[in-house]
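Please look over the sequence and the model below before reading on. The report that comes after is meant for someone who has not seen this structure before.

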Amino acid sequence: MAKKQHKTDLLDQLEDGPWPSFVTGLKRLATDEGKPYAGMMTDLLGQLEHSYETRTGYWKGGTVSVYGYGGGIIPRFSEVADKFPESKEFHTLRVQPPAGMHYSTDLLRQMCDIWERHGSGLIALHGQSGDIMFQGATTENVQKAFDELNEVGFDLGGAGPALRTSMSCVGHARCEQSCYDEVRAHRTIINNFLDEMHRPALPYKFKFKFSGCPNDCVNAIHRSDFAVIGTWRDDMQVDQEEVKNYVAKVGRKYMIDHVIANCPTRSLSLNDDDTMDVDNKNCVRCMHCINVMTKALSPGKDRGVTILIGGKRSLKIGDLMGTVIVPFMRLETDEDFEKLTEFAETVIDFFAENALEHERVGETIDRIGLSNFLEAVGVEVDPNMVNHPRTSSYLRTDDWDEEAQKWFRRKAEKRAAKQAASQAAE
Amino acid sequence: MSEAVQPRRPNETGVMDPFPHMHPLLKKNYGDWKWHDRLRPGVLHHVAHGGDEVWTVRAGTQRQMDVHTIRLLCDIADEYAERHVRFTSRSNIEFMVSSEAQVAPLIEKLEAEGFPVGGTGNSVSMISHTQGWLHCDIPGTDGSGAAKALMDQLYYEFTHEEMPNRVRITTSCCQINCGGQGDIAINVQYAKPPKINHDLIANVCERPAVIARCPVAAIRPAMVNGKPSLEVDEKKCICCGACYPPCPPMQINGPDSTKLAIWVGGKHSNARSKPTFHKLVMAGLPNNPPRWPEVAEVVKTILYAYKENARDWERMGEWIERIGWPRFFELTDLPFTKHHLDDWHGARASLNASAHIHF
């Protein structure tokens with residue numbers, strides 16, 4: 001005998017309209033006769049309707065975890081369990097998806113089967129940090145659900161003051177603009193710091209995100225503490241025949257108004273024969289022309305990444321974009337990946353030791369100044385880190401000559417290295 | 001003879017390897033794609049250097065899915081596609097197929113089952129949203145409901161590519177703003193200081209941590225009714241709600257407090273201009289479930305002003321940058337108030353220090 005359904009006059013209105021309705025899905029679960037979650041989902045719908053009526057949330061946190069881990073579960077206890085007893089415990093398991101969010105249908109079906117046995121039958125694909133959110137398990141079932149998911153090969157994601165679940169774009173798997181192996185970078189970095197994810201002990205959250213090119217499809221620059229963005233150093237690749245085809249298709253006026261004139265550094269020029277010149281020295285790799293002319297243009301061949309640090313949302317000092325810390329790093333060989341991992345370790349160690357409680361690394365950088373941060377993580381200053389040099393005269397410059405010497409020394413070293421490389425090549 | 005049950009130790013495997021679950025053509029041509037085009041809204045066509053081609057059909061989902069919906073999507077993938085799918089960061093599902101002939105029947109099936117095909121190119125993609133009343137412990141509103149209500153109204157723009165450039169909409173259920181930057185962002189904006197339940201503070205809240213959390217140092221310790229508590233300097237309070245998560249007796253939500261604000265011009269991509277934050281254009285909108293009609297009206301006004309007036313490839317913020325804020329407020333008929341003037345750190349950078357005036 002199925003449990004009596006609560007009246008849901010407000011939620012019912014969200015079953016209308018052309019977009020897929022989550023309410024219809026919740027109702028299917030609530031009326032799934034014989035399923036262990038039907039009662040829980042019936043009361044969950046009742047509580048949600050109550051929230052819609054009173055415009056108030058009724059969940060509070062608590063402490064629930066799985067054996068061996070300190071984080072990854074979002075505990076939720078109902079404050080209106082007297083009215084809706086069966087959804088009094090409705091915890092979420094944050095689970096890391098396969099990098100790039102690729103699924104075989106077999107894997108999705110396994111997830112459904114496990115969650116039908118131990119959870120609510122409700123799965124969010126995906127949360128804002130990139131987790132699969134298995135939403136709605138009793139305290140008792142959290143461990144059972146995790147054990148089975150873990151046997152299939154899933155691991156918990158991050159929550160609390162810890163390394164968080166990461167995201168990488170589709171990248172190499174299906175995008176010609178991808179400038180590095182995102183899956184490898186994502187898995188190498190995150191799997192190197194699992195202790196920081198599963199046993200929260202950082203001052204606050206720390207996020208990595210991986211985008212294969214400056215289109216930044218996973219919003220890394222603003223939404224992560226450590227953004228790895230694909231880029232290239234040499235000339236972009238131009239197929240002049242395809243440029244001509246594009247101009248023939250859209251017309252010269254469109255080409256000039258919407259491609260040439262949109263270049264932020266005026267690095268493009270349309271020739272009289274409808275081929276295109278690129279001033280690669282001044283191109284900033286913004287991606288606009290490549291996005292528009294997908295067949296004619298593509299990134300160069302000397303590829304790597306730019307690393308920006310310190311992006312975050314509002315709390316506490318306001319939104320921050322990440323700042324360029326590493327303008328370019330190659331990311332191809334095992335050695336390159338080791339170098340990236342070592343740098344990430346340096347940054348996380350700095351964060352763990354120096355950030356105040358509940359302070360994101362971008363806020364720490366703001367508090368201590370970028371030059372102190374650079375010194376702490378062993379990175380030399382570079383004009384690519386600024387929009388422009390300082391405008392305030394309030395600074396002390398008694399070591400100016402020493403600092404200038406450092407710059408000239410680095411420049412000389414770079415020149416020598418370049419010469420040695422070109423001699424070796426000969 | 002009782003034997004203690006040995007708890008199972010986790011296999012600390014980390015991020016799952018995607019290759020066993022990746023479409024075979026994606027795996028085969030990993031890192032070797034040459035170019036792509038779009039055949040119609042919702043369909044991508046990628047060509048590899050070696051000549052392999054793959055077609056991707058993108059469809060919108062409700063994000064919060066019951067197992068039956070997921071299994072239905074799996075059935076569609078098994079029968080009409082090739083048993084492999086992926087999800088985008090905006091909760092769209094993508095089906096990959098190895099021949100163009102599979103595209104039309106797949107689209108027909110998806111649409112018959114109620115999944116809109118689109119979200120590619122210069123369309124309005126799915127709203128990236130937060131949890132809200134369904135699962136969050138501090139929400140001012142609902143995430144899934146607001147996204148559903150809005151996407152119902154923006155359905156045409158999801159299934160067509162008729163915008164000047166892509167449009168990314170986000171929502172956030174509190175001012176912590178788990179939602180990201182958006183061309184249009186719909187975020188809770190509290191209008192009143194927290195209401196304090198002094199009887200509970202001493203037992204529930206770690207008072208120094210709560211005081212430290214306030215961005216404007218408006219919270220101080222106090223004895224109230226003989227009990228240690230906290231008080232808020234309401235003249236200083238900026239009603240951000242930062243004290244509420246660590247201290248639930250400082251209730252920030254309420255019918256007279258929880259309002260919605262609309263922000264525009266946020267952008268993550270580096271294309272043309274550098275990434276930008278979204279800017280406040282409208283606040284004080286009612287939190288009106290289940291369909292938030294007042295919010296939807298403002299969103300549509302802004303969206304269609306952009307659609308009609310922006311040039312090809314201009315994102316929302318780039319369009320406004322070109323036409324100027326006076327013209328934006330004129331075109332949308334939204335009020336410009338003292339609250340639009342920033343007064344936080346670095347605010348001067350947002351003020352016009354020139355004789356560049358739009359008439």
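The model is predicted, so local features need pLDDT of at least 70 and side-chain atom pairs count only at pLDDT 80 or more, while totals for chains, interfaces and linings use all residues. Residues are numbered from 1 along each chain as its sequence is written, and chains are lettered from A and ligands numbered from 1 in the order in which they are written.

**Chain A**

Chain A holds 15 helices and 16 strands, where helices (H or I, at least four residues) and strands (E, at least two) are DSSP runs numbered from the N terminus. Its C-alpha trace spans about 80 × 60 × 45 Å along its principal axes. Of the 426 residues of chain A, 47% count as buried; a residue is buried if 20 or more other C-beta atoms lie within 10 Å of its own, exposed if 12 or fewer, and partly exposed in between, with C-beta atoms placed from the backbone. Among the contacts in chain A with a separation of 6 or more, 65% join residues 24 or more positions apart, a contact being two residues whose C-beta atoms, placed from the backbone, lie within 7 Å.

Strand β15 (residues 303-309) of chain A is largely enclosed by the rest of the structure, because 7 of its 7 residues are buried. β15(A) pairs in the antiparallel sense with strand β10 (residues 226-232) of chain A over 7 bridges, and with strand β16 (residues 323-330) of chain A over 5 bridges; strands pair if DSSP finds at least two bridges between them.

**Where the chains meet**

The contact between the chains takes 95 residues from chain B and 102 residues from chain A. On the side of chain B that touches chain A, α2(B) gives the most, with 8 residues. By class, that side of chain B has 41 nonpolar, 35 polar and 19 charged residues, where Ala, Val, Leu, Ile, Met, Phe, Trp, Tyr, Cys and Pro count as nonpolar, Asp, Glu, Lys and Arg as charged, and the others, Gly among them, as polar.

An open sheet of 6 strands includes strands from both chains, in the order β5(A)-β5(B)-β6(B)-β3(B)-β2(B)-β1(B), with antiparallel pairing. The edge strands are β5 of chain A and β1 of chain B, each of which pairs on one side only, and the twist averages 30° from one strand to the next; axes are lines fitted to C-alpha atoms, for helices over the stretch in contact, and angles run from 0 to 180 degrees between N-to-C directions.

| Residue | Opposite residue | Strand of the opposite residue |
|---|---|---|
| A:Y103 | B:V85 | β5(B) |
| B:A59 | B:I93 | β6(B) |
| A:W232 | A:R303 | β15(A) |
| A:G304 | A:R330 | β16(A) |

**A helix on the sheet**

The buried residues of helix α3 (residues 103-112) of chain B are B:V103, B:L106 and B:L110. They lie on the same side of α3(B), because they cover an arc of only 65° around the axis, the arc being that of the directions from the helix axis to the C-beta atoms. What covers these buried residues includes β2 (43-48), β3 (53-59), α2 (67-80) and β6 (93-97) of chain B, whereas the face of α3(B) turned away from its buried side carries the exposed residues B:E108 and B:A112. Just after α3(B), B:G114 takes a positive phi of about 90°.

**The nonpolar core**

The largest nonpolar core has 201 residues, and those with the most contacts inside it are A:I123, B:I184 and B:I262; such a core is a set of buried Ala, Val, Leu, Ile, Met, Phe, Trp, Tyr and Cys residues joined through C-beta atoms within 7 Å. Helix α8 (residues 293-309) of chain B gives the most to this core, with 7 residues. Not counting residues up to four places away in sequence, B:I262 touches B:I184, B:I186, B:V281, B:M282, B:V298 and B:V299.

**Backbone details**

Most residues other than glycine have a negative phi, and most peptide bonds are trans. The peptide bond from A:L315 to A:K316 is cis, with omega near -5°, and A:K316 is found in the loop between β15 and β16 of chain A. The bond from B:P289 to B:P290 is also cis, with omega near 5°. A:N219, a residue other than glycine, has a positive phi near 55°, and A:N219 is buried, with 26 other C-beta atoms within 10 Å. A:H358 likewise has a positive phi, near 65°, but A:H358 is partly exposed, with 17 other C-beta atoms within 10 Å.
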